[in-house]
Amino acid sequence: ILNATLSFLEKCILYIQPILKRGLLSSLTTLPCCVFFCINVIMLFTLRSKSVFRETCRYILLYNLILADTLQMAVSQILYMMSICRITLPYPVCGILVMFANLTNEISPLTLVLMSLERYVAVCYPLRHATIITIRNTEVAIFMIWIFCSLNILIRVLLLLEFPFEELQSLQMKRYVCNTFLMFLTPVSHEYDKAYSCFLFVSAFVGVTCSYIGVMLAARLASTDKASALKARNTLLLHLVQLGFSLSSTVNNALLLVISKTVSNRVSVLIQNVLYVLLFILPRCLSALIYGLRDQTIRPILVYNLCFDQSAFQ
């Protein structure tokens with residue numbers, strides 16, 4: 001009886017151990033994600049709580065940026081939890097989730113370009129800023145960004161149609177991981193993704209960098225408000241950092257491929273979770289933290305909403 005009991009306990013431990021391991025790993029990523037997600041949601045609520053935010057172009061752009069980051073964070077965490085829980089999806093469901101994640105991921109760098117151009121106009125053409133950067137023009141620019149990125153997703157879907165799906169025995173995925181690479185069913189899809197990603201981030205980098213150079217040159221002119229130019233320069237530097245983080249998330253899979261060939265599986269899994277938090281989750285909260293702490297108009301209202309304390313305004 002004792003041997004049978006020990007054998008039963010050993011089997012239970014062997015069964016429970018991987019479950020506890022997955023639970024520990026998921027908690028290490030889920031807790032930061034929940035914290036960052038709540039911060040972003042509160043920031044979105046803050047940006048819609050006052051008319052000054054709803055009627056100021058740069059706050060409208062900031063709202064669009066944080067909205068895209070929040071949606072990207074939510075979809076990424078859903079896909080991550082499904083892989084941890086070993087849930088297999090049908091290919092169409094995985095494709096919809098991945099395409100939506102790609103859509104929101106592409107919105108961020110383009111919105112950063114718009115925000116950089118808005119600061120450039122504010123510093124270099126202050127007298128024309130109110131006529132160029134209007135609420136209507138801002139809303140049209142945001143709409144065009146979503147349309148442009150949606151067209152890219154549509155092209156990806158059309159490229160997928162070239163794959164002979166009728167030859168598949170089942171549309172159910174055999175792997176637990178659902179990511180962008182599973183959507184590269186044809187060589188054309190893979191080449192198009194590389195070309196589009198390169199075009200997107202090079203264009204965004206050039207746009208933000210040119211805005212930064214323009215502000216720097218304007219700051220040397222005697223007629224320019226030095227304090228405003230310096231603040232705009234710092235903001236554009238932050239945009240470059242944010243763009244760098246957005247770019248870093250695209251090389252995550254390449255890093256994992258190199259790491260998996262050089263370290264053990266246990267270390268590889270741990271590094272994978274660390275990179276997921278650093279490259280996917282943390283950058284999606286940077287916009288809310290940066291602007292929430294730097295902007296004198298947002299800060300007191302954001303602190304109030306975070307602390308739920310009336311004394312934050314006193």
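How far is the sulfur of C285 from the closest cysteine sulfur? In this predicted model, the distance is 9.8 Å, to the sulfur of C33, which is too far for a bond. A disulfide is a covalent bond between the sulfur atoms of two cysteines, counted here when a pair of cysteine sulfur atoms lies within 2.5 Å. The structure holds 0 disulfides. C285 is buried, at a relative accessible area of 0%, and C57 is likewise buried, at 8%. Buried denotes a relative accessible area under 20%, exposed over 50%, and partly exposed in between (1.4 Å probe, protein chains only).

Residues are numbered from 1 along each chain as its sequence is written. Because the model is predicted, local features need pLDDT of at least 70 and side-chain atom pairs count only at pLDDT 80 or more, while totals for chains, interfaces and linings use all residues; side-chain values use heavy atoms, with hydrogens and water left out.

The protein chain contains 12 helices and 0 strands, where helices (H or I, at least four residues) and strands (E, at least two) are DSSP runs numbered from the N terminus. Of its 314 residues, 39% count as buried. The chain exposes about 17,700 Å², of which carbon and sulfur atoms supply 70%; accessible areas come from the Shrake-Rupley method with a 1.4 Å probe, and for residues only the protein chains shown count as cover.

An unreviewed UniProt entry annotates several spans as "transmembrane region", among them residues 140–161 and 194–215. UniProt positions are given in the numbering used here, feature names are shortened, and annotations may be inferred rather than shown by experiment. In the model, residues 140–161 are 95% helix and 0% strand, with end C-alpha atoms 32 Å apart. Residues 194–215 are 100% helix and 0% strand, and their end C-alpha atoms lie 32 Å apart.

Side chains of opposite charge can pair when their charged atoms come close. The structure holds 5 salt bridges, each defined by a side-chain nitrogen of Lys or Arg within 4 Å of a carboxyl oxygen of Asp or Glu. One of them joins D69 and R284 (3.4 Å, N to O). D69 lies in helix α3 and R284 in helix α11 (residues 283–294), so this pair ties together parts that are 215 residues apart in sequence. Both D69 and R284 are buried. Another salt bridge joins E106 and R156 (3.4 Å, N to O), linking helix α4 (residues 91–124) to helix α6 across 50 residues. E106 is buried at 4% and R156 at 7%. These two residues also belong to a network of salt bridges with D193. A further pair, E118 and R119, meets at 2.8 Å, N to O.

Helix α3 (residues 57–84) also holds T70, which is buried, with a relative accessible area of 6%. Leaving aside neighbours within four places in sequence, T70 is in contact with F37, N40, V41 and L44.

L158 is found in helix α6 (residues 135–160) and is partly exposed, with a relative accessible area of 48%.

Note on methods. Contact means heavy atoms within 4.5 Å.
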